[in-house]
Amino acid sequence: MRYQFKKSLSPRKRRHLRVRARISGTTERPRLNVFRSNQHTYAQVIDDTAGHTIVAASTLEPGIREQFTAEDNGHRRIAEADVVGRIVAERAKEKGITRVVFDRGGYKFHGRVKAVAEAAREAGLEF
């Protein structure tokens, strides 16, 4: 039986619920979730069986914010997302996680979402 989506939900939220109906993070292979707002990018590795976030990274962290200036707005957010992907992958590897399931959060796989995914792969996460 399919989930009956409420009309009040945004199209992105409806797409995310459809994806989440099929994707779930386990202890052995947690879920790498990406969320992007207009100004920031967030990534977290989640164990859905326990209901806990294992590691997280975002562009709100002081170390990431200081690396970039406000001058180059066009590609700055993609570069920030690249750094977020690397950091979340490094933190996951420190916790002993090498394999994850990628959850694009209802967004298209391009731009910042793609930058997080590619950076996490380069840093050693498998998905």
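A residue is termed buried under 20% relative accessible area, exposed over 50%, and partly exposed in between, with a 1.4 Å probe and protein chains only. The model is predicted, so local features need pLDDT of at least 70 and side-chain atom pairs count only at pLDDT 80 or more, while totals for chains, interfaces and linings use all residues. Residues are numbered from 1 along each chain as its sequence is written, and side-chain values use heavy atoms, with hydrogens and water left out.

Helices (H or I, at least four residues) and strands (E, at least two) are DSSP runs numbered from the N terminus. An open sheet of mixed pairing is formed by 4 strands in the order E3-E2-E1-E4; two strands pair if DSSP finds at least two bridges between them. Strand E3 (52-58) and E4 stand at the edges with a single partner strand each, so one side of each has no neighbour in the sheet. Direction ignored, neighbouring strands are turned by 20° against each other on average. Axes are lines fitted to C-alpha atoms, for helices over the stretch in contact, and angles run from 0 to 180 degrees between N-to-C directions. Strand E2 (residues 41-47) pairs with E3 in the antiparallel sense over 6 bridges, and Val-45 stands opposite Val-55 in E3. Helix H4 packs on the sheet, where it touches strand E1 (31-36), E2 and E4, and its direction makes about 145° with that of E1. Contact means heavy atoms within 4.5 Å.

A nonpolar core is a set of buried Ala, Val, Leu, Ile, Met, Phe, Trp, Tyr and Cys residues joined through side-chain atoms within 4.5 Å. The largest one has 25 residues, and those with the most contacts inside it are Leu-32, Val-45, Val-88 and Leu-125. At least two residues come from each of E1, E2, E3, helix H3 (73-94) and H4; H3 gives the most, with 7 residues. Beyond its neighbours within four places in sequence, Val-45 is in contact with residues including Leu-32, Val-55 and Val-88.

Rings of Phe, Tyr and Trp (its six-membered ring) pair if their centres lie within 6.5 Å; planes under 30 degrees apart count as stacked, over 60 as edge-to-face and the rest as tilted. The count comes to 4 aromatic pairs. Phe-35 and Tyr-42 form a tilted pair, because their ring centres are 5.8 Å apart and their planes stand at 40°. Phe-102 and Phe-127 are stacked, at 5.2 Å centre to centre and 10° between the planes.
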